[in-house]
Amino acid sequence: MAHILLVEDDPICRDLERHLCEADSHYVLALSSAEEAVALLDGAGKRSAKPDLIIVDFTLKGMNGYELISALRRKDSLRRVPILKGLLREPDRLDLDTLRAAEKQTDVEDFISAVNAVTKSVAGR
């Protein structure tokens with residue numbers, strides 16, 4: 001079982017993605033904004049309660065997914081946490097090896113397969 005942080009501002013997508021992950025026995029903390037995620041994760045290094053996987057909607061209102069990923073990348077304690085992300089228009093601006101990012105899938109089966117592939121690789125570390 002992985003601990004997943006889901007950052008999605010659309011309540012229907014957030015509920016669907018949370019349900020799909022929980023149905024596969026993952027623990028999910030779902031937030032509706034990048035600002036909430038940054039506030040939560042600012043203390044992750046202190047408490048060692050960082051997630052095993054972060055799923056980010058790239059079109060968040062306010063701080064968007066790219067800005068959130070950039071903020072997470074600056075935190076040493078979160079640099080190696082895998083990120084399952086949405087659409088990325090400028091892939092060259094991110095160090096994908098450092099982030100260990102994977103594409104967010106739109107098909108339900110592909111989504112759960114991507115989540116499980118990433119969480120299995122995390123468990124193997």
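1. Angles under 35 degrees count as roughly parallel, over 145 as roughly antiparallel, 65 to 115 as roughly perpendicular and the rest as oblique. In this predicted model, helix α1 (residues 11-23) packs against helix α6 (residues 108-123) at an angle of about 55°, and their axes lie 10 Å apart; α1 and α6 are therefore oblique to each other.

2. As to the handedness and make-up of this pairing, α1 and α6 cross in a right-handed sense. On the α1 side the contact is formed by Glu-17, Leu-20 and Cys-21, and on the α6 side by Val-108, Phe-111, Ile-112 and Val-115. Sorted by class, the contact of α1 with α6 comprises six nonpolar residues, no polar ones and one charged residue.

3. The largest nonpolar core has 19 residues, of which Leu-5, Ile-54, Leu-68 and Leu-72 touch the most other members. Two or more residues of this core come from each of β1 (3-7), α2 (34-41), β3 (53-56) and α4 (65-73), and the most come from α4, which gives five residues.

4. Leu-68, one of the core residues that touch the most other members, deserves a separate look. With its neighbours within four places in sequence left aside, Leu-68 is in contact with Val-7, Ala-34, Ala-37, Val-38, Val-56 and Met-63.

5. In soluble globular proteins, nonpolar side chains tend to be buried together.

Terms used: Residues are numbered from 1 along each chain as its sequence is written. This is a predicted model: local features need pLDDT of at least 70, side-chain atom pairs count only at pLDDT 80 or more; totals for chains, interfaces and linings use all residues. Side-chain values use heavy atoms; hydrogens and water are left out. Axes are lines fitted to C-alpha atoms, for helices over the stretch in contact, and angles run from 0 to 180 degrees between N-to-C directions. Helices (H or I, at least four residues) and strands (E, at least two) are DSSP runs, numbered from the N terminus. A crossing is left-handed if the near helix is turned anticlockwise from the far one by less than a right angle, and right-handed if clockwise. Contact means heavy atoms within 4.5 Å. Ala, Val, Leu, Ile, Met, Phe, Trp, Tyr, Cys and Pro count as nonpolar, Asp, Glu, Lys and Arg as charged, and the others, Gly among them, as polar. A nonpolar core is a set of buried Ala, Val, Leu, Ile, Met, Phe, Trp, Tyr and Cys residues joined through side-chain atoms within 4.5 Å. Buried means under 20% relative accessible area, exposed over 50%, partly exposed in between (1.4 Å probe, protein chains only).
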